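Thanks for coming, everyone. I'll take helix packing, then charged pairs. Please have a look at the model while I talk.

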Amino acid sequence: MSGGLHSNFGGLPSKFFPLYERFEECRRWIEDCSASLRRWRTVLDYARIFTEFVKFSGRDPRELARLSYDEALGLMKKFALWRVRQQGVSPKRVHTEWFAIASFFKFHGVKGDFPFPTKAIPVTVKYLDKIPTREELLRILSAPRLDLSTKIAIQLIAYAGIRPEDVCRLTYGCIREDFEKGRVPCAVWVPQQKTNHAYVTFIPEETVKLLKQYFEERRKAGEEITPDSPLIIDFRSFKRTGKVKGIQQKSLSMRITRAMRKSGVMLEEKMGDIVRKMRPYSLRKYFRSNLTGCMPSEYIEALMGHIT
């Protein structure tokens, strides 16, 4: 695989490109990864992880390659803790990221075991979703400085049961028929990333009103709303460049997590070896729990896209 890596340069993550082009330390490492790792997908994942690490560290790959073992290990621990505590990344995922970063240091001759800090970040702990109560959800929706698009996204997940990744794929065409006819609840046709099938769910009047306000703001900013327009856009990017881009899942998850933190709601509860943690996906479970006992389970499953 490594022999053709340079010709496949366009396949690497865009944010990794500058590092690959400018730093030999980065280029040689990722080419070695492409030769030693079985899947190209894993190579891409390593590239994305390393890009995050470089940004966090404030150092370039050349500087990182020259660190001592103690310096490298200390920086890795800080990064791992930041990922878990500030970005809400699961310990299991951070455990995977740890070995990706360690491979960079080992490739450049930094000798050591690089043990994962299991005491600070226990990966054997069982993590369960903490489903928000109605009161907690209302506090999240009233979080300080919560922007309109994130508020809509939270309602799409909590009130319509749409997966966060599918929220990013919705277009105006997914709601157009009922939305333009003023029907409430308003039908939402959801193309699923997970199954490649579409299903229908519904949003309440509250969400419809927010969407009307949101579309009006976008039109005033100069956007022409068409059936192919993303339901939720990267508004800052649009204001800056004039180009309409749908919001990315990573960005959406970070915005929702930020709103949860600012709401003052308790996001984590520990019970022995079990930790209940609230995350964006917990909002979808709120939808299920809110309907349980109010309608047949097969209807709930259909509204969540489990039956097509």
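Helix 3 and helix 6 pack with their axes 9 Å apart, at an angle of about 85°. Axes here are lines fitted to C-alpha atoms, for helices over the stretch in contact, and angles run from 0 to 180 degrees between N-to-C directions. Helices themselves are DSSP runs of H or I, at least four residues, numbered from the N terminus. For the cut-offs, roughly perpendicular is 65 to 115 degrees, roughly parallel is under 35, roughly antiparallel is over 145, and the rest is oblique.

A word on the source. This is a predicted model, where local features need pLDDT of at least 70 and side-chain atom pairs count only at pLDDT 80 or more, while totals for chains, interfaces and linings use all residues. Residues are numbered from 1 along each chain as its sequence is written, and side-chain values use heavy atoms, with hydrogens and water left out.

Which residues meet between helix 3 and helix 6? From helix 3 come Asp-45, Tyr-46, Ile-49, Phe-50 and Phe-53. From helix 6 come Arg-93, Glu-97, Phe-99, Ala-100, Ile-101, Ser-103, Phe-104 and Phe-105. Contact means heavy atoms within 4.5 Å. By class, that contact has nine nonpolar, one polar and three charged residues. Nonpolar covers Ala, Val, Leu, Ile, Met, Phe, Trp, Tyr, Cys and Pro; charged covers Asp, Glu, Lys and Arg; the others, Gly among them, are polar.

Stay on helix 6, residues 91-107, for Lys-92. Lys-92 is exposed, at 67% relative accessible area. The scale is buried under 20%, exposed over 50%, and partly exposed in between, with a 1.4 Å probe and protein chains only.

Next pair: helix 7 and helix 8. Their axes come within 10 Å and cross at roughly 160°. That makes helix 7 roughly antiparallel to helix 8. Leu-137, Leu-138, Ile-140 and Leu-141 in helix 7 meet Lys-151, Ile-154, Gln-155, Ala-158 and Tyr-159 in helix 8. The residues of this contact divide into seven nonpolar, one polar and one charged.

Now the charges. How many salt bridges does the structure hold? There are 20 salt bridges, each a side-chain nitrogen of Lys or Arg within 4 Å of a carboxyl oxygen of Asp or Glu.

Take Glu-52 and Lys-250, whose side chains meet in a salt bridge at 2.1 Å, N to O. This pair links distant parts of the chain, 198 residues apart: Glu-52 is in helix 3 (residues 40-57), and Lys-250 is in helix 13 (residues 249-262). Glu-52 is buried at 19% relative accessibility. Lys-250 is partly exposed at 46%.

Asp-147 and Arg-255 form another salt bridge, with the closest N and O atoms 4.0 Å apart. Here too distant parts are linked, 108 residues apart: Asp-147 sits in the loop between helix 7 and helix 8, Arg-255 in helix 13. Asp-147 is partly exposed at 32%, and Arg-255 is buried at 16%.

One more: Arg-183 and Asp-178, at 2.8 Å, N to O. Asp-178 is buried at 10%, whereas Arg-183 is partly exposed at 38%. Elsewhere, salt bridges that share partners join Asp-45, Arg-83, Arg-93 and Glu-97 into one network.

That's my tour. Questions, please.

Terms used:
Helix = DSSP H or I, 4+ residues; strand = E, 2+ residues; numbered from the N terminus.
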